[in-house]
Amino acid sequence: MEKMKKIRPQDMAMEQIEWYIKENQLKAHAKLPSEREMCTMWKLNRSTLHAAIQQLVEERKLYSIKGSGTYVAPPRLVRDIRAVQSTSEAMRKTGYFLWTEVLISRIELCGEYIARKLQIKEGDKVFHLYRLRIRNNVPLMLEDSYINYGKCEGLETHNFAEESLYKVLDDSKILLTKGKEKIGITFATEEEARLLKVEEGQYLYYQSVVVNDIAGESIEFFRIMARPDQVQYTNVLTRTDTGSERSDTI
């Protein structure tokens, strides 16, 4: 008979904390009881509880303020890497307000690199849109987009501090359906660190995508530099031989 795997005390403590947050419907930034109180409530060893809290802090489900206590962390923005979805759409699902600061919004003549990504000629017109995304006064990400202007004339007349780029494209009957994507890690430059309010050289999630329309033509190339404490990427892995799925997040 196969032996039951023993659950580690730290895992049990983590479950107790997450259950407590759910049972008491604690919102983001709500303060948890002191470690001493939680140890008493659940008859836990202090070191076990402390290790559980540290693990949840690393998972960004909690955060601690020295001399003050432990708090419920706000949920990270979840980006499904399989979906062609705007940041505005993803944010609406969280119930949080998204504020956008437009850093660049202009027509440019593209260089060789952007031309190759969009499969157009070097020197062709592109619309360059560079935005800082902010939630509750906390920077989330930088989005740097280049759009094939020949397919989307008139974008420069819109105020993308208030309008969704993908909504504008949808209204123009430009249907974005799929793209080629890369996700990795980069390190914040001096400018990116200043805008995202992180230390220069801190690691960031890096996402680059070429998005095509329904006819298969390249419409947009964008790059995102995202704070890992504010943004989470998710995917579903599928086994083709069984059809089974599991989710995967970073």
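Me: Which residue is the bridge partner of Glu-143 in strand 9?

Reply: Ile-224. This is a predicted model: local features need pLDDT of at least 70, side-chain atom pairs count only at pLDDT 80 or more, and totals for chains, interfaces and linings use all residues. Residues are numbered from 1 along each chain as its sequence is written, and side-chain values use heavy atoms, with hydrogens and water left out.

Me: What makes strand 6 and strand 9 a pair?

Reply: Seven antiparallel bridges join strand 6 and strand 9. Two strands pair if DSSP finds at least two bridges between them. Strands themselves are DSSP runs of E, at least two residues long, and helices are runs of H or I, at least four long, both numbered from the N terminus. Seven bridges meet the cut-off, so strand 6 and strand 9 pair.

Me: How many bridges join strand 5 to strand 6?

Reply: There are 10, and the two strands run antiparallel. Tyr-130 has Asp-144 of strand 6 as its bridge partner. The hairpin of strand 5 and strand 6 has two residues between the strands, and Asn-136 takes a positive phi near 50° there.

Me: Why does Trp-42 count as buried?

Reply: Its relative accessibility is 14%. Buried means under 20% relative accessible area, exposed means over 50%, and partly exposed lies in between (1.4 Å probe, protein chains only). Trp-42 falls under the 20% limit, so it is buried. Trp-42 lies in helix 2 (residues 35-42).

Me: Which residues does Trp-42 contact beyond its neighbours within four places in sequence?

Reply: Gln-16, Ile-17 and Tyr-20. Contact means heavy atoms within 4.5 Å. Ile-17 is 25 residues from Trp-42 in sequence, and their C-alpha atoms are 9.7 Å apart.

Me: Why are helix 2 and helix 3 called roughly perpendicular?

Reply: Helix 2 and helix 3 (residues 46-58) pack at about 115°, with axes 10 Å apart. Axes are lines fitted to C-alpha atoms, for helices over the stretch in contact, and angles run from 0 to 180 degrees between N-to-C directions. Angles under 35 degrees are roughly parallel, over 145 roughly antiparallel, 65 to 115 roughly perpendicular, and the rest oblique. Helix 2 and helix 3 are therefore roughly perpendicular. The contact includes Met-38 and Cys-39 of helix 2, and Leu-49 and Ile-53 of helix 3.

Me: How do you know that helix 1 and helix 3 are roughly perpendicular to each other?

Reply: The axes of helix 1 (residues 9-23) and helix 3 cross at roughly 65° and come within 8 Å. The perpendicular class therefore applies to helix 1 and helix 3. Among the residues in contact are Ala-13 and Ile-17 of helix 1, with Ala-52 and Leu-56 of helix 3.

Me: Which residues touch the most other members of the largest nonpolar core?

Reply: Leu-155, Leu-165 and Leu-169, out of 24 residues. A nonpolar core is a set of buried Ala, Val, Leu, Ile, Met, Phe, Trp, Tyr and Cys residues joined through side-chain atoms within 4.5 Å. Strand 6 (138-148) and helix 6 (165-171) are among the elements that each supply at least two residues of this core. A second, separate core has 17 residues, including Ala-13 and Cys-39.

Me: What makes Gln-25 stand out?

Reply: Gln-25 has a positive phi of about 50° and is not a glycine. Most residues other than glycine have a negative phi. Gln-25 is in the loop between helix 1 and helix 2.

Me: Is Gln-25 buried or exposed?

Reply: Exposed, because its relative accessibility is 61%.

Me: Why is Lys-173 called exposed?

Reply: Its relative accessible area is 70%, so it passes the exposed limit. Lys-173 sits in the loop between helix 6 and strand 7. Its phi is positive, about 65°, although it is not a glycine.
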